[in-house]
Amino acid sequence: PADLTVDKITEVHGFYDANPMTIHRTWKGADDASFKVWFGRRRGALAMRVLMKDDVHKQPAAAARLMSEGDCVRVSLDVAGKSSRWELGFRLTDDGKSEACVWAGRREALKDIAFTATRTEKETDYRIVLPLEILGLTEQKLADGDLRVSVKVDDNDGEGRDLWIGLEDTVPLRFAK
């Protein structure tokens with residue numbers, strides 16, 4: 001089973017709910033936009049798999065830093081004892097390239113992040129590997145729960161970003177020792 005499943009209306013943050021002219025851009029259920037996340041450890045790294053259900057894949061942004069305008073995954077990481085937060089983005093471009101972005105955190109860490117995304121029918125599978133060292137973590141700190149995580153996905157069905165769904169705040173991530 002997934003470590004996190006996000007597929008309920010209470011987890012959706014829409015931009016067009018109050019306007020009858022844009023009702024077609026509101027969330028239509030889990031097949032419109034939802035996701036599951038699995039977390040794991042891999043040789044000094046945090047591994048994540050995000051499986052996003054999405055009826056229409058659209059990623060129109062030319063620059064990776066603007067990926068939240070289209071379908072993408074956003075990850076926030078808070079490390080205990082660190083004053084800064086990591087804000088990372090991951091996308092599959094419309095032409096099939098996997099791209100990552102560091103909005104907040106050490107931008108040079110981008111070269112150390114392993115990431116791939118693939119699309120099959122109505123699902124996009126994101127595989128992310130973040131070295132613990134770049135995050136300022138150790139295996140022990142990860143086991144002690146010194147990492148807090150938030151995962152969100154943005155949804156664009158062709159007219160711009162319609163909504164995002166996910167966790168507003170970071171929550172503790174704890175692994176068995």
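Is Lys111 buried or exposed? Lys111 is exposed, because its relative accessible area is 67%; exposed denotes over 50% relative accessible area, buried under 20%, and partly exposed in between, with a 1.4 Å probe and protein chains only.

Colleagues, a word on the basis of these remarks. The model is predicted: local features need pLDDT of at least 70, side-chain atom pairs count only at pLDDT 80 or more, and totals for chains, interfaces and linings use all residues. Residues are numbered from 1 along each chain as its sequence is written, and side-chain values use heavy atoms, with hydrogens and water left out.

I begin with strand E6. Strands here are DSSP runs (E, at least two residues) numbered from the N terminus, as are helices (H or I, at least four). Strand E6 covers residues 85–92, and it is largely enclosed by the rest of the structure, because 6 of its 8 residues are buried.

Two strands count as paired if DSSP finds at least two bridges between them. Strand E5, residues 72–79, runs antiparallel to E6 and is joined to it by 6 bridges. Within this pairing, Asp78 lies opposite Arg85 of E6. A hairpin is formed by E5 and E6, with 5 residues between them, and Gly81 in the turn has a positive phi of about 85°.

Strand E7, residues 98–104, is likewise antiparallel to E6, again with 6 bridges. Here Arg91 faces Glu99 of E7. E6 and E7 also form a hairpin with 5 residues between them, and in its turn Gly96 has a positive phi of about 90°.

I turn now to charged side chains. Side chains of opposite charge can pair when their charged atoms come close. A salt bridge is taken as a side-chain nitrogen of Lys or Arg within 4 Å of a carboxyl oxygen of Asp or Glu, and by this rule there are 15 salt bridges.

One of them joins Arg49 to Asp125, with the closest N and O atoms 3.0 Å apart. This pair connects distant parts of the chain: Arg49 belongs to strand E4 (residues 45–54) and Asp125 to strand E9 (residues 123–131), 76 residues apart. Arg49 is partly exposed at 26% relative accessible area, whereas Asp125 is buried at 13%. Together with Arg127, these two residues are linked in a network of salt bridges.

Lys111, with which I opened, forms a salt bridge with Asp112 at 3.3 Å, N to O. Asp112 counts as partly exposed, at 34% relative accessibility.

Finally, Asp7 and Lys8 meet in a salt bridge at 3.1 Å, N to O. Asp7 is partly exposed at 29%, and Lys8 is partly exposed at 46%.
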